[in-house]
Amino acid sequence: MSKEAASSTEKTPSFEMTWGSSTSSGYCSEEDADSEFEQYFTARTSFFPKSRKANVNVDVKKDEQVEWGKQELTTADIQQKVKEYNAQINSNLFMNTNKDGSYTGFIKVQFKLARPVSVPPPKKGGQEAGGRRASGVKRRTSFYLPKDASKHLHISSRTSAREVIEALLKKFTVVDNPGKFALFERSERHDQVYVRKLPDDEHPLRLRLSAGPNEKVLSFVLKENETGEVNWHAFSMPELKNFMRILQREEEEHVKQIVQRYAVARAKMKEALAGSTPG
């Protein structure tokens with residue numbers, strides 16, 4: 001399994017800090033929940049996508065993409081690259097080769113999540129938060145991860161992107177379906193930022209070794225798995241019910257705006273008719 005790296009330069013917020021800062025983190029405990037199941041904060045108040053700023057995240061074009069992971073390396077190549085990699089870093093996050101031809105090392109993953117994540121609620125004295133005893137109903141606590149939070153993972157060259165996602169969720173005790181998230185490769189070239197979604201079977205440490213330790217050349221970002229179509233089957237029943245309530249409120253608001261618009265237009269037409277002189 002992946003091991004957490006001890007880094008003196010990076011302070012990753014702990015859950016104790018999150019529990020104690022409910023306003024800033026978006027934390028919602030079960031004491032505040034009226035629902036029988038769970039309470040959620042939603043980062044998006046609309047299901048309609050909003051336009052993004054230009055030149056912020058640009059998909060990597062095939063003719064410009066640097067295919068780090070597809071470089072075929074021999075055992076001698078790997079040993080040489082690992083030696084060069086270790087010579088470039090000024091920390092203890094070294095890579096190490098194994099006798100079977102694989103190698104291990106660290107990758108840093110930044111969190112860019114727009115929506116809250118779910119964790120099991122804290123238990124007190126055999127009871128769940130809110131004073132209610134545990135029952136057959138699964139309860140969750142949802143909160144926003146701190147902006148620009150990051151985590152180092154110790155992985156193998158055989159560790160897949162999917163396994164990296166699962167390891168990250170486990171470290172934060174996140175109980176959401178891993179299918180809701182995706183690992184992205186981010187690079188900066190020619191004053192442009194390029195982002196590519198990694199397939200589940202791609203190996204991030206191989207990308208790290210081939211690109212070198214420079215974070216501008218290559219970095220990893222965990223984001224929501226935006227596929228264009230929402231995979232509703234990846235959500236739990238309480239989440240789906242919450243989305244239905246949001247959708248209903250949004251629909252009612254749109255209907256109200258349309259009715260008001262036509263009412264104003266109708267009133268102006270009647271006013272014009274009343275003031276006109278028959279010709």
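A salt bridge here is a side-chain nitrogen of Lys or Arg within 4 Å of a carboxyl oxygen of Asp or Glu. By this rule the protein chain has 7 salt bridges. The model is predicted, so local features need pLDDT of at least 70 and side-chain atom pairs count only at pLDDT 80 or more, while totals for chains, interfaces and linings use all residues. Residues are numbered from 1 along each chain as its sequence is written, and side-chain values use heavy atoms, with hydrogens and water left out.

The protein chain holds 6 helices and 12 strands (DSSP runs numbered from the N terminus: helices are H or I with at least four residues, strands are E with at least two). Of its 279 residues, 37% are buried (under 20% relative accessible area; exposed is over 50%, partly exposed in between, with a 1.4 Å probe and protein chains only).

| Pair | N to O distance |
|---|---|
| Arginine 158 and aspartate 100 | 3.3 Å |
| Glutamate 185 and arginine 196 | 3.1 Å |
| Arginine 186 and glutamate 188 | 3.0 Å |

Glutamate 185 lies in strand S10 (residues 181-189) and arginine 196 in strand S11 (residues 192-197), 11 residues apart. Glutamate 185 is buried at 3% relative accessibility, and arginine 196 is buried at 15%. A network of salt bridges links Glu185, Arg196 and Glu202.

Arginine 158 is partly exposed, with a relative accessible area of 47%, and aspartate 100 is partly exposed at 47%. Arginine 186 is partly exposed at 25% relative accessibility, as is glutamate 188 at 36%.
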